[in-house]
Amino acid sequence: MGTMIELALNKVEIDWGKNRSFINHYWLFPPDSLHQIVYPYRDEGENMDPGFQAKFRDVIFRMNNLGYSLAETRLSYEELLSRWNRTGDLNLPFSDLLRIMESVDFSQLPTEFGKKYQYDFDQYLQDVISHDESIMENNAKDEYFEYAVEDFIKEGLDFNILLRLYGENPENLDFHLEWFTQDLIDSGWTTMQDIRDINSRDLAAQFTGLYPRVMDQSGAKTDTNFNQWLRKQGIPCTTMYVRQTKNGQTTTELLSLPVAVRHMIHHPENQHNTLSKDQIGESVELLLTLISGES
């Protein structure tokens, strides 16, 4: 069967992988989320090991600001469904999916849930959708609807869309989201360095979406004003940035890290600066920290 890696909300497994095949959920967790946590499927007495744990409320905050706000989630879903229906015919509008997901309360799942749906939370969602009177009434003439839902959830739908929509039920927000990573590390299929690794393109996309949001909240109209605002918030202007003019001349200035990263991403033609993945990741966390108290 292989070595498992699982993601659970309120101890209910909602995603899993094994060996080298798994979704990396590291970006969902705030810094310092690595704790000694209980691995519920192990024998009692040997069930504590490092793993990632965070309040689901904090996870949803990150998702809202890193590309999965409700509006962005709706758009992503509609794009995926439209792409899927180029060769399919699935009638499952976002409003129906949202209504279904809002009804999933992780404190009220059936007592037989663990035995019936272990390693198959997708099947639980399929069953909920297939027993929804309104949805089934709208698809009464489609004898293959249940199979189409199964295929779409398993093969076409971004897991993060489902995860984000669980957060629309306020009863779920105070539960812990936990990622049980240690067994996979101990078995040699991955390393903590791999677990913590987010590729540069994804980090840049997160930063590019987050930066203008925080700038808008600050009230700054220009990057220079935003740099001044960041300095007032305690972000030091210690990152060297070499600015290149149109005539090829250069000037050097010290900026806050987020503003320097913004310039380096938006001006790849300027070869006088070197942008590292660590700088992008640190900038994302700095900006999230600044707005976390305001959300």
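A salt bridge here is a side-chain nitrogen of Lys or Arg within 4 Å of a carboxyl oxygen of Asp or Glu. The model is predicted, and it holds 10 salt bridges.

Start with R164 and E168. Their side chains meet in a salt bridge, 2.7 Å from N to O. R164 counts as buried, at 4% relative accessibility. E168 is partly exposed, at 23%.

Now select helix α8, residues 159–166. Eight of its eight residues are buried, so the rest of the structure largely encloses α8.

The crossing is left-handed. Show L70, T73, S76, Y77 and L80 on α2, then I161, R164 and L165 on α8; these make the contact. Five of the contact residues are nonpolar, two polar and one charged.

Next, go to D223 and R262, a salt bridge of 3.6 Å, N to O. D223 lies in helix α12 and R262 in helix α13, so the pair ties together parts 39 residues apart in sequence. D223 is buried at 18% relative accessibility, and R262 is buried at 19%.

Move to the strands. E253 forms a salt bridge with R243, with the closest N and O atoms 2.7 Å apart. E253 sits in strand β7 and R243 in strand β6, 10 residues apart. E253 is partly exposed, at 23%; R243 is partly exposed too, at 34%.

Last stop: select D96, R99 and D132, which are linked in a network of salt bridges.

Note on methods
Residues numbered from 1 in each chain as written. Predicted model: local features only at pLDDT ≥ 70, side-chain atom pairs only at ≥ 80, totals over all residues. Heavy atoms only, no water. Axes fitted to C-alpha atoms, helices over the stretch in contact; angles between N-to-C directions. Helix = DSSP H or I, 4+ residues; strand = E, 2+ residues; numbered from the N terminus. Left-handed = near helix turned anticlockwise from the far one by under 90°. Contact = heavy atoms within 4.5 Å. Nonpolar A, V, L, I, M, F, W, Y, C, P; charged D, E, K, R; others polar. Buried < 20%, exposed > 50% of the residue type's maximum accessible area, 1.4 Å probe, protein only.
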